[in-house]
There are 2 protein chains.
Amino acid sequence: MLKILEALANPHRLQIIALLKGRRIHVSQLAREASMSRPLLYMHLKRLEAAKLVSSKMELSSNGKAMNYYELTPFDLRLSPESIAEAVKTLTIKKSGGTTSGTSSAKEDTHE
Amino acid sequence: MLKILEALANPHRLQIIALLKGRRIHVSQLAREASMSRPLLYMHLKRLEAAKLVSSKMELSSNGKAMNYYELTPFDLRLSPESIAEAVKTLTIKKSGGTTSGTSSAKEDTHE
DNA sequence: AACACCTGTTAAAAATATATTACATATGTA
DNA sequence: TACATATGTAATATATTTTTAACAGGTGTT
């Protein structure tokens with residue numbers, strides 16, 4: 001879930017999803033429609049693909065040119081305190097310790 | 001919607017939401033339970049509060065100490081290509097131009 | 001050959017986000 | 001007064017993300 005949220009937390013990537021809704025587009029065309037450079041688009045697509053929100057398929061057009069078509073993976077995610085609490089159970093938060101007690105000198109702000 | 005997604009795209013903040021589910025907690029207690037320093041927690045809470053996912057209320061405990069209690073704002077958001085496409089309509093993506101044509105020299109990768 | 005498209009990648013710069021350290025302040029109790 | 005708790009902020013360091021610039025190669029058409 002976190003990976004999906006990270007993938008969606010960017011205006012360009014939301015726009016890419018909106019542009020892909022209901023149709024397949026190849027990378028260069030998508031770059032034009034999204035008004036962004038291809039290297040940047042590749043980066044964003046990679047992130048969306050890693051989150052499995054989009055998929056790609058290389059095809060040869062009738063004139064023999066290679067075209068990489070992207071399309072949306074159907075998804076319908078619900079975000080609520082409950083669904084988040086569930087997802088958190090499977091998360092490993094780095095540097096976590098689970099300290100319950102706390103007998104620290106009041107001058108220190110750090111906790112661990 | 002973007003602001004909410006950005007607020008949720010972080011493991012610590014998801015954890016904070018999970019910890020706040022169904023109860024009110026004051027900042028110091030939350031810092032202990034989340035195993036993070038208060039300055040860091042403040043930063044994350046500010047982000048959640050800006051997205052209106054949590055709210056806070058200062059109260060005086062029985063012994064006269066000031067306590068800042070945080071609680072969840074109920075929310076239930078749906079994420080689908082459709083809801084995203086709707087949200088994108090209201091987004092202003094910086095440096096957008098809406099270039100439809102493109103007569104650029106093939107050597108350049110930049111598009112605008 | 002030169003042009004117009006298409007496919008990608010790598011390296012570095014710029015912008016944000018995250019995390020830490022140090023500080024300042026207040027209340028109640030031993 | 002000293003200690004333990006609570007409130008909060010400002011400045012800095014670190015890490016990550018986003019963006020740009022430069023490169024390397026393919027096919028088909030004029």
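User: Is Leu79(A) buried or exposed, going by its relative accessibility?

Analyst: Burial is read from relative accessible area: under 20% is buried, over 50% exposed, and anything in between partly exposed (1.4 Å probe, protein chains only). Leu79(A) has 0% relative accessibility, so this residue counts as buried. Please keep in mind that this is a predicted model, where local features need pLDDT of at least 70, side-chain atom pairs need 80 or more, and totals for chains, interfaces and linings use all residues. Residues are numbered from 1 along each chain, chains are lettered from A and ligands numbered from 1 as written, and side-chain values use heavy atoms, without hydrogens or water.

User: Where is Ser80(B) found, and what is it in contact with?

Analyst: Ser80(B) sits in the loop between strand E4 (77-79) and helix H5 (81-89) of chain B. With a relative accessible area of 7%, Ser80(B) is buried. Beyond its neighbours within four places in sequence, Ser80(B) contacts Phe75(A) and Asp76(A).

User: How many helices and strands make up the secondary structure of chain A?

Analyst: Elements are DSSP runs numbered from the N terminus: helices (H or I) have at least four residues, strands (E) at least two. Chain A has five helices and four strands, and from the N terminus they follow the order α-α-β-α-α-β-β-β-α. Of the 112 residues in chain A, 38% are buried. Among the contacts in chain A with a separation of 6 or more, 44% are between residues 24 or more positions apart.

User: Which residues are buried in helix H3 of chain A?

Analyst: As an α-helix has 3.6 residues a turn, residues three or four places apart point the same way. In H3(A) (residues 27-34), the buried residues are Val27(A), Leu30(A), Ala31(A) and Ala34(A). They lie on the same side of H3(A), because their arc around the axis is only 105 degrees, taken from the directions from the helix axis to the C-beta atoms. Their cover includes helix H2 (11-20), strand E1 (25-26), helix H4 (38-50) and E3 of chain A.

User: How many bridges join strands E2 and E3 of chain A?

Analyst: Two strands pair if DSSP finds at least two bridges between them. E2(A) (residues 54-60) and E3(A) (residues 66-72) run antiparallel and are joined by seven bridges. Met58(A), for instance, stands opposite Asn68(A) in E3(A). Five residues lie between the strands of this hairpin, where Gly64(A) has a positive phi near 90 degrees.

User: What is the order of the strands in the open sheet of chain B?

Analyst: The three strands are ordered E1-E3-E2 in chain B, with antiparallel pairing. E1 (25-26) and E2 (54-60) of chain B are the edge strands, each pairing on one side only. Two bridges link E1(B) with E3(B) (residues 66-72) in the antiparallel sense, and Ile25(B) has Tyr70(B) in E3(B) as its bridge partner.

Methods:
Contact = heavy atoms within 4.5 Å.
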